[in-house]
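Trainee: I would like to learn how to read helix packing. Where do we start?

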Amino acid sequence: MQDDYAFGRDRAEYERLIEQAEIFRPLTERMLRSAGIGAGMHVLDVGCGAGDVSFLVSALDGDAIGVAEQRRGAQGIANVSFRHADARSLDPGPLFDAAVGRFALMFIHDPTEALRLFAQRVRRGGILAFCEQVASVTATPTGQQPVLAALLALFTSVFERSGARPDIGAELYPRMRDAGLQPDPRPLAEFVLCPARDTVAYRRWALFARSMLPKIVEYGLGTEDEIRHSVEHELRQELLAATGLVPLSWLMIGQWARVPAH
């Protein structure tokens, strides 16, 4: 995984990930079901974070791993286990029926090679399914929501400076094909929207800015005072004055593929 991670690694960041997971749960569940993942399957969750995709898979049937384990125990989920390891070099063992991930490939140096390696841990005819973003495509009307549009552009710049791939969602199909897989030609694609005055809208991007703030300052893309003023005053006022919908995401792509049967 990428060393210069764009976000923090503290408890507040894990809480942001948990809230974010609720936003993307419907799309992720549709992707998993469309890919053919269901009850009784042995599934590898790549870059599991706080465990939300793992828990979603189980339902079909800073230490992020520690947070995930605590949440697993609290929810009484017995068919999920977590390991801290490089997903590209897992120890040999029984093959999985599927490998899944959300916001995982964007932080990997060579996503195509990673997909090839993940596929080696999946049985023939098995499934790889990943949900990633396309940050160059937004549903933000720049003329009506200039503060939010500027913040989203800033977040994308941080991703790029950190070495992440903020547009990896648009590359999933060709990268899966180049990795020797058989990608489905009809992936899922959507924006997540909500009313501008809904507190979820402000909280979503305020938490995003808080987690990215250290990198924004480190990269010289803004000062702490500038970002806090933009988020706590300008963004809040802009959303309160808006009457339409605002995005809670960039364009999201859910793409899946099969490991060749022969």
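Trainee: At what angle do helix 1 and helix 7 pack, and how far apart are their axes?

Mentor: Two packed helices are described by the angle between their axes and the distance between the axes. This is a predicted model. Here helix 1, residues 11–35, packs on helix 7, residues 199–218, at about 145°. Their axes lie 10 Å apart. The crossing of helix 1 past helix 7 is left-handed.

Trainee: Which residues meet in helix 1 and helix 7?

Mentor: An α-helix has 3.6 residues a turn, so residues three or four places apart point the same way. From helix 1, A12, E13, R16, E19, Q20, I23 and F24 take part. They meet R203, R204, L207, F208, R210 and S211 of helix 7. By class, this contact has six charged, five nonpolar and two polar residues.

Trainee: Where does each helix bend?

Mentor: Helix 1 bends by about 55° at F24, and the proline P26 follows within four residues. Helix 7 bends by about 50° at M212, with the proline P214 following within four residues.

Trainee: What is found at the start of helix 7, and what comes just after it?

Mentor: At the start, a side-chain oxygen of D198 comes within 2.9 Å of the backbone nitrogen of V200. Just after helix 7, G220 has a positive phi of about 70°. Just after helix 1, G36 has a positive phi of about 100°.

Note on methods
Residues are numbered from 1 along each chain as its sequence is written. This is a predicted model: local features need pLDDT of at least 70, side-chain atom pairs count only at pLDDT 80 or more; totals for chains, interfaces and linings use all residues. Side-chain values use heavy atoms; hydrogens and water are left out. Axes are lines fitted to C-alpha atoms, for helices over the stretch in contact, and angles run from 0 to 180 degrees between N-to-C directions. Helices (H or I, at least four residues) and strands (E, at least two) are DSSP runs, numbered from the N terminus. A crossing is left-handed if the near helix is turned anticlockwise from the far one by less than a right angle, and right-handed if clockwise. Contact means heavy atoms within 4.5 Å. Ala, Val, Leu, Ile, Met, Phe, Trp, Tyr, Cys and Pro count as nonpolar, Asp, Glu, Lys and Arg as charged, and the others, Gly among them, as polar. The bend at a residue is the angle between axes fitted to the seven residues ending there and the seven starting there. A polar contact is a pair of N or O atoms within 3.5 Å; within protein, one must be able to donate a hydrogen and the other to accept it, and residues adjacent in sequence count only if both atoms are side-chain atoms.
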